[in-house]
Amino acid sequence: MDLDVYVTAHRPEWDRLDHLLRRGRHLTGAEADELVALYQRTAAHLSLLQSSAPDPMLTARLTQLVARARATVTGTRRASWRDAATFLTSGFPAAVYRSRHWWIPTAVLSTLLAALIGWWIGTHPEVQSSIAAPEELRRMTRPGGDYESYYSSHPAASFAAQVWTNNAQAAAMCLVLGAFLCVPVLWILFLNMLNLGVGLGLMSSAGRLDTFLGLLLPHGLLELTAVFVAAGTGLRLGWTLIDPGPLPRRTALAQQGRAALGMALGLALVLFVSGVIEGFVTPSGLPTWARVAIGITAELAFLAYVYVLGGRAARAGEAGDVESPDRSAALPTAA
């Protein structure tokens, strides 16, 4: 592209758009229609320039011009309860559904890794002795020991709030740090699976794996699913830097980043539910089968929420992104 020729050809349109914007409310009907048409064409010009012939000063000018035109065309809009309801019933589940090809393999491979670590620790006494002294291991794994008393070590409400905060922070870190080429996400995921594998291995070596699973499954199914969704989405965000697809890398990353931030809010609610279960159900006096049944019910409800509501919304075109008037205009750069 010859940048000088392109600018010469389209500068009158940009100047005309700037002139109409400066007139504000004093536009005729024909001028308002012209403003909308010029806004759409200028947004397309900006996208093409960003991908083909980026010029910092020209791009900055057109970005500002497009932003002013978008504000004039769409007007200001305040968030409402309807926006929250739409996010919970379509935006968030659709985003989770669309990223299933990332978080399901992440869940399977991570679970296998935790099981492998647990088997390795449980079947190798020398590995156990490298983790802690024999007396300390007995204190952790005995009936009423550290693994069991952990869930009742604090009042249920404060414990649930603490668990929720920690898990929400971990999920948000997975979502945000995915932009750093996936490496931090893999490390966070590995640490979580390592901790889980250590618990599995030590409790199985003490012959108390059933007790450990009875304490883990009520809240762990939903909690780990949320972590896997966050990690898978973070990995998808990181991969967008490597392979942005048909969109400009900046546009593709912005689109995935907005969806990831929305998912952080949705996953915070999911983790709130798992935190309530961990604080009030896991340490309760309910039979093990009843506590596990509550955990399985919560997990199945979340999966139905994603695959029924999310699948329907995704097939209707919902991607979990912001509304189209609030997005930057962009044109594909590859077939």
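These legends describe close-up views of a predicted model.

View A. Asp15 pairs with Arg61. Their closest N and O atoms are 2.9 Å apart. Asp15 has 36% relative accessibility and counts as partly exposed. Arg61, at 29%, also counts as partly exposed. The model has nine salt bridges in total.

**View B. Glu31 and Arg23 form a salt bridge.** The closest N and O atoms of this pair lie 2.6 Å apart. Glu31 is buried, because its relative accessibility of 14% falls under the 20% cut-off. Arg23 has 28% relative accessibility and is partly exposed.

**View C. Arg139 meets Asp146 in a salt bridge.** Here the closest N and O atoms are 3.8 Å apart, and the cut-off is 4 Å. Arg139 is partly exposed, with 39% relative accessibility. Asp146 is partly exposed as well, at 35%. Elsewhere, shared partners join salt bridges into one network of Asp18, Arg22 and Arg68.

**View D. Phe87 and Phe92 form a tilted aromatic pair.** The model has seven aromatic pairs. In this one, the ring centres are 6.0 Å apart. The ring planes make an angle of 35°. The pair counts as tilted because that angle lies between the 30 and 60 degree limits. Phe92 is buried, with a relative accessible area of 2%. Phe87 is partly exposed, at 23% relative accessibility.

**View E. Phe302 and Tyr305 pair within helix H13.** The two rings are tilted, with 40° between their planes. Their centres are 6.3 Å apart. Both residues lie in H13, which spans residues 288-315. They are three residues apart, about one turn of the helix. Phe302 is buried, at 5% relative accessibility. Tyr305 counts as partly exposed, at 21%. Ring pairs link Phe302 and Tyr305 with Phe87 and Phe92 into a cluster.

**View F. Arg100 sits over the face of Tyr97.** The distance from Arg100 to the centre of the Tyr97 ring is 4.0 Å.

**View G. Helices H11 and H12 pack against each other.** H11 covers residues 209-242, and H12 covers residues 249-281. Two packed helices are described by the angle and the distance between their axes. For H11 and H12, the angle is about 170°. Their axes are 9 Å apart. H11 and H12 are therefore roughly antiparallel, because angles over 145 degrees are classed that way. The contact of H11 with H12 contains 17 nonpolar residues. Six polar and four charged residues make up the rest of this contact.

How values were computed. Residues are numbered from 1 along each chain as its sequence is written. This is a predicted model: local features need pLDDT of at least 70, side-chain atom pairs count only at pLDDT 80 or more; totals for chains, interfaces and linings use all residues. Side-chain values use heavy atoms; hydrogens and water are left out. A salt bridge is a side-chain nitrogen of Lys or Arg within 4 Å of a carboxyl oxygen of Asp or Glu. Buried means under 20% relative accessible area, exposed over 50%, partly exposed in between (1.4 Å probe, protein chains only). Rings of Phe, Tyr and Trp (its six-membered ring) pair if their centres lie within 6.5 Å; planes under 30 degrees apart count as stacked, over 60 as edge-to-face and the rest as tilted. Helices (H or I, at least four residues) and strands (E, at least two) are DSSP runs, numbered from the N terminus. A charge sits over a ring if NZ of Lys or CZ of Arg is within 6 Å of the ring centre and within 35 degrees of the ring normal. Axes are lines fitted to C-alpha atoms, for helices over the stretch in contact, and angles run from 0 to 180 degrees between N-to-C directions. Angles under 35 degrees count as roughly parallel, over 145 as roughly antiparallel, 65 to 115 as roughly perpendicular and the rest as oblique. Ala, Val, Leu, Ile, Met, Phe, Trp, Tyr, Cys and Pro count as nonpolar, Asp, Glu, Lys and Arg as charged, and the others, Gly among them, as polar.
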